[in-house]
Amino acid sequence: MKNIRLMLALLLTVGFCGLSSCSKEDNIEPVILDNDYLEFEAQGGTQSITFTVNGGDWSAWVKPSEKGDWYSYTPTNGSAGKYTLSVTVEPNIGDSRFVTIEINSNGNYKELYVVQQAAY
């Protein structure tokens, strides 16, 4: 009788874990940035970050209100995997400026903040 209870408890535990997805994969973030901040001197240049997308296509974009011609980044989209995002900023002759690049995968996103110092 004791063995039957033990076996029943074991079967219920295994069944519950199967229904509720008891796996470590459930805790994996969809988008992981190695760094979420890049700072550039006024003279500009190129810097890179690495990021990982787990399980889905992704795209990088900037809000329309922050669009400008003083920066560029590549790549702009891809599928699941590890990537290097390169950000290039042009020389700055005015005030400090910033842009937020959003990396989005299936509605899950992370933001990369890019700041460039003022010319003076």
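What follows is a short chat in questions and answers.

Modeller: Before we start, this is a predicted model, so local features need pLDDT of at least 70 and side-chain atom pairs count only at pLDDT 80 or more, while totals for chains, interfaces and linings use all residues. Residues are numbered from 1 along each chain as its sequence is written, and side-chain values use heavy atoms, with hydrogens and water left out.

Biologist: Which residues touch the most other members of the largest nonpolar core?

Modeller: A nonpolar core here is a set of buried Ala, Val, Leu, Ile, Met, Phe, Trp, Tyr and Cys residues joined through side-chain atoms within 4.5 Å. Buried means under 20% relative accessible area, exposed over 50%, and partly exposed in between, with a 1.4 Å probe on protein chains only. This core has 21 residues, and the ones touching the most other members are Tyr-73, Leu-85, Val-87, Ile-101, Ile-103, Leu-112 and Val-114.

Biologist: Which elements give two or more residues to this core?

Modeller: Strands are DSSP runs of E, at least two residues long, numbered from the N terminus. The contributors are β1 (31-33), β2 (37-40), β3 (45-53), β4 (58-62), β5 (71-74), β7 (81-89), β8 (97-105) and β9 (108-116).

Biologist: How many bridges pair β8 and β9?

Modeller: Two strands pair if DSSP finds at least two bridges between them. One link here puts Ile-103 across from Lys-110 in β9, and the hairpin has two residues between the strands, with Asn-106 at a positive phi near 55°. The pairing is antiparallel, and the bridge count is nine.

Biologist: And what stands opposite Ser-59 in β8?

Modeller: β4 and β8 run antiparallel and are joined by four bridges. The residue facing Ser-59 is Asn-104.

Biologist: Is Ser-105 buried or exposed, and with what relative accessible area?

Modeller: Ser-105 belongs to strand β8. Beyond four places in sequence, Ser-105 touches Val-31, Val-53, Gly-56, Asp-57 and Trp-58, where contact means heavy atoms within 4.5 Å. Ser-105 counts as buried because its relative accessible area is 1%.

Biologist: With which side chain does the side chain of Thr-46 make a polar contact?

Modeller: Thr-46 lies in strand β3 and is exposed, at 51% relative accessible area. Leaving out neighbours within four places, Thr-46 is in contact with Phe-40, Ser-86, Val-87 and Thr-88. A polar contact is a pair of N or O atoms within 3.5 Å; within protein, one must be able to donate a hydrogen and the other to accept it, and residues adjacent in sequence count only if both atoms are side-chain atoms. At 2.9 Å, the partner is the side chain of Thr-88.
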